[in-house]
Amino acid sequence: MKAAVWYGAKDIRVEDRDVPTVSSNQVKIKVAWTGICGSDLHEYSVGPITIPANGPDPLTGKQAPLTMGHEFSGVVEEVGSEVSGFKPGDKVVVNPLIISGNHKDPLIDMYKGFGFVGLNSDGGFADLVVVDEKNVIKLPEDLSLEYAALIEPTAVAVQGIKESGLKFGETVAVFGAGPIGLLTIIAAKAAGAKEIFAFDLSETRLQKAKEVGATHAVNSGQQNPVEYIRSIYPDGVDRTFEVAGVAPTFNQAIAVTRARGVVTVVSIFEKPVEFSPMQLTVTGVHLVSTLAYEPDVFETTVKLIASGQIDPSPVITDHIELEDIVNKGFEALMKDKSQAKILVKLSGEK
Ligand SMILES: [Zn+2]
């Protein structure tokens, strides 16, 4: 079978790999669509970050070269002898989060060691993938496999909204209008945000932010976000999401938030940032963070998308073939800021 395999930074090869075999509690999935994630892009440009390159992964025992891809949907092809919840032909999505299982509370457990199918073990940029039954979720019949590939990144946004404590009728600021920023806007709107301010440096991303529900889309290279928000809401906004991951936006996120409001850090930071904790002390702003999603939130996201309460489809900007994943996928995402979510076609089944 064909697979896109990570060998090192700037070294992803589409090559023939052996078809994986299932053990008793595993499910083999014929992949339909797989999204390219920002974390895949980090692994491509400056990796390894999460990928185990210098020894076996402590949770999965796997090691590079590894097939990437953790945002995928597909159809069950084969099940292990002890699998009872699935049968060949079932439409499924994979919750790629791998946790140790040492703590009974999944939200605490994930912080005691975590990994992802497609980063810490072979993933969905391949014709076939084998995962543990516990990571597989059955899809409603009427949810398309194409949109189901967006469940994983949407779950990240839904978790961010949950973590922020956003209430109906509140005001929201989102720093960064990449795929997760856009999905955060979509989720905030679904959760009842009254006004949503989006900040980015790219006009095309800001245009997209407006399309998906931002009431104000502001180029932070041209207008100071703090002055902009304070001119409309002198006290600041209720909930702010940091989805850009750099020092200026981190500090601005705190500065645009009202006293006792909440800043939720959703992004991955490549570098440390400098900030004064006094910024929090004198405002009472709460600074919280999120990582991936709780199992419940992932399943909730399946339902929110299936019911149409959340429509993540506007974030899709391209569909490409696996053979083109480097040039039309990773390189395109690095060079072209009008790209948001690129889906890689495997079986292409809708
Ligand atoms: Zn992802």
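## An open three-stranded sheet

Three strands make up an open sheet in the order β2-β1-β4, with antiparallel pairing; two strands count as paired if DSSP finds at least two bridges between them. Helices (H or I, at least four residues) and strands (E, at least two) are DSSP runs numbered from the N terminus. Strand β1 (residues 2–8) is joined to β2 by six bridges and runs antiparallel to β2. Glycine 8 has aspartate 11 of β2 as its bridge partner.

## Basis of the model

This is a predicted model, in which local features need pLDDT of at least 70, side-chain atom pairs count only at pLDDT 80 or more, and totals for chains, interfaces and linings use all residues. Residues are numbered from 1 along each chain as its sequence is written, and side-chain values use heavy atoms, with hydrogens and water left out.

## Domains and their interface

The domain assignment, which is automatic or taken from a database, gives domain 1 (2–150 + 312–345) and domain 2 (154–289). Their centres, taken over C-alpha atoms, are separated by 28 Å. Domain 1 contributes 12 residues to the contact and domain 2 contributes 11 residues, where contact means heavy atoms within 4.5 Å.

Between them the two domains bury about 1,100 Å², 63% of it on carbon and sulfur atoms; buried area is the accessible area (1.4 Å probe) that two parts lose on being put together, summed over both. Pro314, Val315 and Lys337 supply 37% of the area that domain 1 buries against domain 2, more than any other three residues.

## Loop contacts of glutamate 133

Glutamate 133 lies in the loop between β9 (128–132) and β10 (136–138). Glutamate 133 and asparagine 25 are 108 residues apart in sequence, yet 5.9 Å apart in space, C-alpha to C-alpha. Leaving aside residues up to four places away in sequence, glutamate 133 touches Asn25, Gln26, Val27, Glu82, Val83, Ser84, Gly85 and Phe86.

## Backbone geometry

Most residues other than glycine have a negative phi, and most peptide bonds are trans. A cis peptide bond joins glycine 47 and proline 48, with omega about 5°; another cis bond joins alanine 64 and proline 65, also with omega about 5°. Proline 48 is placed in the loop between α1 (38–46) and β4, and proline 65 is found in the loop between α1 and β4. Arginine 260, in strand β15 (residues 257–265), has a positive phi near 70°.
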